[in-house]
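These are my notebook entries on one model. I set down each item that I looked up, with the criteria I applied.

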Amino acid sequence: MNIKKQNVIYNHKTFVNMNKSPHFSMKHSHPMYEIIFFEKGDADYIVEGKLYHLKKNDIIFTKPLDYHYISVHSNSEYSRYNVAFNTDFIDKRILDLIPSNLEVINCAPKSIIADTFKKLDFYSENLDEESFVDILKSLLKEILYNLSLNSTVINNNPSELSPFITQALNYINSQLFTIKDVKDVCDYLHLSESYFFRLFKKQLKIPPKQYINLKRLNFAQKMIQCGHKPSEVYLECGFETYVGFYKQYVKHFGYSPSHETNKKTNS
């Protein structure tokens, strides 16, 4: 069963031929939390400036607005559970129990967490959508509580993409709304713009300006969903004009900023 609602997305997919599934390498960030239970495949998980080589029964926990993607290396069978959700679906008090540095950990094949994901298959095959979403919420809470109880488990060891990229991302994310252009980052790192552009694009598969705008747009969307006015949000998020913000917002999300306000009003 595939679930796609405003506050939760769920699917469990297996692909025998990854060459026919290029969307798995989509580079993105979003205002939702996301949990992936990785069953099998030959893939890496890249989050901001870190790379994790995935192993069977890895749990990936992605926080809102983190830039991330999965890079698949071969055509071997690929399988994972995916749940994306926001704090309208799961109380943030539960999410706050998760260690802030938890990104990828491995769990035993017959652990409580692994068994909980397996339960989702049974319920998705035997319940209607409304009932499944109801039990998904309960089981997701169980998974999150178990992640918090495993707070002493060490993350899988990531590889750092590049010291320059790590420094650049730290700087960008601390100055996200005040950076004027990519030159500010290059000046901070004492690198030429051409070298920095090539390095950033090679390591993160996205130009640095697009990365900055992506983060700003997702943050703006989150603010609008929380009730802030689009006409005020664009300035707070570092956009110079509302027209420029509006065009980028529509291009990225496929609808206008006011659409978020209308969804909230009608829900």
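I count a contact wherever heavy atoms lie within 4.5 Å. Helices (H or I, at least four residues) and strands (E, at least two) are DSSP runs, numbered from the N terminus. The model is predicted, so local features need pLDDT of at least 70 and side-chain atom pairs count only at pLDDT 80 or more, while totals for chains, interfaces and linings use all residues. Residues are numbered from 1 along each chain as its sequence is written, and side-chain values use heavy atoms, with hydrogens and water left out.

Entry 1: α2 and α3.
I looked up how helix α2 (residues 112–126) packs on helix α3 (residues 129–149). Their axes come within 10 Å and cross at roughly 175°. Axes here are lines fitted to C-alpha atoms, for helices over the stretch in contact, and angles run from 0 to 180 degrees between N-to-C directions. The two helices α2 and α3 are therefore roughly antiparallel; angles over 145 degrees get that label, those under 35 count as roughly parallel, 65 to 115 as roughly perpendicular and the rest as oblique. On the α2 side I listed Ile112, Ile113, Thr116, Phe117, Lys119, Leu120, Tyr123 and Ser124, which meet Phe132, Ile135, Leu136, Leu139, Glu142, Ile143, Asn146 and Leu147 of α3. By class, this contact of α2 with α3 has eleven nonpolar, three polar and two charged residues. The classes are Ala, Val, Leu, Ile, Met, Phe, Trp, Tyr, Cys and Pro as nonpolar, Asp, Glu, Lys and Arg as charged, and the others, Gly among them, as polar.

Entry 2: Leu120.
Is Leu120 buried or exposed? I found Leu120 buried, with a relative accessible area of 1%; buried means under 20%, exposed over 50% and partly exposed in between (1.4 Å probe, protein chains only). Leaving aside neighbours within four places in sequence, Leu120 is in contact with Tyr10, Phe132, Leu136 and Leu139.

Entry 3: α4 and α6.
I next took helix α4 (residues 163–174) and helix α6 (residues 193–204), whose axes come within 10 Å and cross at roughly 95°. That makes α4 roughly perpendicular to α6. Phe164, Ile165, Ala168, Leu169 and Ile172 of α4 form the contact with Phe196, Leu199, Phe200, Gln203 and Leu204 of α6.

Entry 4: positive phi.
Most residues other than glycine have a negative phi. I noted Asn57, not a glycine, with a positive phi of about 70°. Asn57 sits in the loop between β5 (50–53) and β6 (58–62) and is buried at 8% relative accessible area. Leu65, also not a glycine, has a positive phi of about 75°. Leu65 lies in the loop between β6 and β7 (68–72) and is buried at 13%.

Entry 5: Asn213.
Asn213 lies in helix α7 and counts as buried at 16% relative accessibility. Not counting residues up to four places away in sequence, Asn213 touches Phe239 and Gln248.
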